[in-house]
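Let us walk through this model from its core to its interface, and then to its confidence scores.

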Amino acid sequence: MKIDQNEEAVVIVGSGAGGGTLAYELTKKGIPVVVLEAGPYLRNEDYVNNEWEAFNQMAWLDPRTTSGSWRITTDFPNLPTWIVKAVGGTTTHWSGATPRFKEHEFKARSTYGRVEGANLLDWPITKEDLDPYYERAEIAMGSTHTHGRKPLPANNNYKVFANGAERIGYKHYATGPYATNAEEYDGRPASIQDGFNFQGDKNKSKWSTLVREIPRAEDTGLLDLRSDCQVVQITHDASGRADSVLYLDDEGNLHRQAAKLVAVAGNSIETPRLLLMSATAMFPDGLANSSGQVGRNYMRHTTGSVFSRFDKPVRMYRGETMAGVIADESIHNPDRGFVGGYYLETISLGPAFLASFADPGAWGADFAEIMNAYLNTAGLWVIGEDMPQESNRITLNSAVTDKNGLPVPNVNFDDHANDVAMRDHGYQQAEKLYNSVGAVGSHRAPPYPSTHNLGTSRMSARPEDGVVDQWGRTHDIPNLFVSDGSVFTTGAAANPTLTIVALAIRQAEYIADQLKTGGI
Amino acid sequence: MTFPAKYPQLNEMELTDDAHDVLIRLLRVAFPHPDFPDGPYERTATRILNEARESTWFRVALTQGILTLGQLAGGDFRNLDDDAATSVLRRIEATAFFGFIRRTTVLNLYDDPEVWEVLGYEGPSFDKGGYINRGFNDLDWLPEPRIELYDGEPLPDIAPNAVLASTGKSPTGGQQTDTSNQPGSQETVMRKVSK
C-alpha cells in the first residue's frame, strides 16, 4: 500500500530483526506502517555463493571511523561492524543460533555486583516477562530443538566440535537451537547444507525477516516498504513530540514523511547516530538523550575464534555454519576469573575470509601454514557477555562526512579486563577441546568486525540511567521508540537475534494497545 | 593522473614486465605455498599493478618500493634465496608499499578458484544442491556425536558456589560475604557525563 507522505504514519526505520518484526506484528493487527530501509531490496535469488562478492553486495559499507585500543582500529579502521544494508537487515546474513538469555542476565548488576569500570545495570524487565515472547519468537523463527522442531544433523565441523566437547567433559552441546529448518517448516524448505550463511541463504531455509515477516506484512496490504531510503533526521514539534522523519532516496533527494509514531531499528551504530543527528535547540544533545546515554555502553560481545588443524580432512565449510552450540561455559561462575558466561559455537570461513580475518596483517610461513591446512581445519567461535562501559561509545565524527555530507559515526571501543579474561578462557577451552580429538596445531583469531552490536540506547527503569523504558519507548519523547539491539541494558552471552525479535513482538503489542487507547 | 616527473626513474618503472616479475617473486616469498601453481600469483601481481595504475599514491609507493627492494637486495631481489628475501621483506613490512601489496594479495590470492582447488575448498555449492547429498557429514575418523540437547541434569544458570551480589549469598545458600564497602546492589555506578 502507498501511504501519503503528508499522512501522519507509524514510521519504522530499518527492516531487520527489530524493524521487520515490528512491521509485521503491527500490520497483522491492522495498523498501516511505513518502513524506511536504507539498503536495496535484495531477494534470496540475488545472493552470491562467493564471500567477497556477497560482502560487497550486502554489507553496510558506508564510511565509519574507529578509535580506542581494540584491534579493529588497526586492521579495519573503517569497518567496525559486519552487518547488512538491505531489506531484512542483518537477519539476511546471520548464522542462526538462538539461545535465550538466562534469568540472571537480566539482572547483571545485582548478580555480578560492582565491576570496576563497567556500567552495569539491571534490565527493567525479567526473563519471566519475556518468556512468552521468546516462545513466539522461537515458533516464528523455527528454532530447532524447541517446540517440536527437529535438530539439524551433524556436519563435519560439528563432529569434531561435539566429540571434543564430550572428551573434555562438556555435556550441554547440540546442533542448536538454530533458526534454520532441518525439515520443511512454515512454508520454507529444509536446509541443503550449502555452507553459505554469511552470504545470504539462497534456499530460504534460514529464518530472516526477508523470508517471513516482510512478505507477510506485504500480504496484509498495510505495509509501505521504501527501500534505498536512508533516514537522516527525526523532527519534532513545539511540544517535543516526533512529527516526521526526513530521508534521502537512492538519488539523494530529500523527502519528508509525516509521523505520529517513529520506531528506530537501525542497528546499534545507526540508531544512536540518527538520534544524535536529530539534535535541535530543544534537544541539543540529540533526541532522547537527557540521560547522556545515547551512543554509550556500546557492546559487541566478547568474541574470538579458534581454528585447529588435524591430520585428516574436516571440510568445515560443508554444511550449516553455526549449527553447533556448547552451553557449558555460559553459566556465571566467577571462579573462572570473570563474571558472566560464554558459548562456544561452530564457525567456518572460506579461504578468502579466513585469509582476511584469521590474523589480519600477517604474512609469511606461519600465515601460509594456516591457509595450507584449510582442508583439515575445524573452527569455532567464542561468544560471551562483554561489559558495558560508558566510554565505549558511538559519536558523530564531524571531521569526516559521508557522500551526503553527513557526519559519519565514530566507534570507540576498549576491551574491559573482564572481556579479556573471558576471551582468553574461551581460547584455552577451545584448544583443549580440539587437542582432545587430535589437533596438531591451533590458531587464535581475533574478533571480527562486530556482528553483534548492542546497548547504545539502553533500557532502564529510571530516565537518568538510560534511553528507553521497558517497552523500548524513549524516556524523553512519548512517540519515539527504539526497536533493535540498541535497547539491550546488558549483552548476555547469547546470540542477540532471538531476543531482539522477542522484544519487538512484545513492543508491538504495547504500541498497538497505546495507539488504541490514545496513550501515544 | 599526475606523474612524479621530478624523478625520471619513477616514470621509467612504468609498470614494466620487470615489475611484474619482481612482484611475483615477492608474493611467492611472502605467501609461500609451494603447491600453488603460477597462475594465481601472476593474476595477483597483475591485479596489484592494475590497482596501482588507478592511484597515483599506490603507483608511487609501488615504484619506490620496488626500487628499495633492489637496493636492500644489493642488486636484483629476484636473485635472493628464500631466507634472504624474507629478511628483506621483514625490513620493509611496515611500509605503505608492503601494506598495499599484502592487503591486495590477501583479498585476491585466496579468492582464486585455482587456489581453492589446492586448498580443498569447493566454492559455490547452491547450484550443485548444497552438500546435503555431497558429503556434508562424511567425516569418518570420529564417532557420530549426539545432536539432541543433553537429557541429563539441566545446566544451572549460576555455579553453585558463586556469591550473588544482591544477597551476598550463593544459590545454595552459602556464606554471607562482607559487602559493606560496595554500593547498593541495584544502584548503577554513574560517572559524570560530559555532553
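Which residues of the largest nonpolar core touch the most other members? The model is a predicted one, and in it that core holds 186 residues. Val11(A), Val13(A), Val262(A) and Val501(A) touch the most other members. The largest share of the core, 9 residues, is supplied by helix H12 (residues 497–517) of chain A. As a general point, nonpolar side chains in soluble globular proteins tend to be buried together.

Take Val11(A) and set aside its neighbours within four places in sequence. Its contacts are then Val34(A), Leu36(A), Val245(A), Gln257(A), Ala259(A) and Val262(A). Of these, Val262(A) is also on the list of residues that touch the most other core members.

Now turn to the interface. Here 68 residues of chain A are in contact with 57 residues of chain B. On the chain A side, the elements giving two or more residues are helices H4 (108–112), H6 (156–167), H9 (351–357) and H10 (365–372). H6(A) gives the largest share, 7 residues. By class, this side has 27 nonpolar, 24 polar and 17 charged residues.

Chain B averages a pLDDT of 85, and 79% of its residues score at least 70. Among the elements of chain B, helix H7 (residues 113–119) has the highest mean pLDDT, 98. Helix H1 (residues 8–12) of chain B has the lowest, 51.

Two stretches of chain B stay under 50: residues 1–6 and residues 175–187. Beyond four places in sequence, the model has 6 contacts for residues 1–6 and 17 for residues 175–187.

Technical notes: Residues numbered from 1 in each chain as written. Chains lettered and ligands numbered in written order. Predicted model: local features only at pLDDT ≥ 70, side-chain atom pairs only at ≥ 80, totals over all residues. Core = buried A, V, L, I, M, F, W, Y, C linked by C-beta atoms within 7 Å. Buried ≥ 20, exposed ≤ 12 C-beta atoms within 10 Å, placed from the backbone. Helix = DSSP H or I, 4+ residues; strand = E, 2+ residues; numbered from the N terminus. Contact = placed C-beta atoms within 7 Å. pLDDT = per-residue confidence, 0-100. Nonpolar A, V, L, I, M, F, W, Y, C, P; charged D, E, K, R; others polar.
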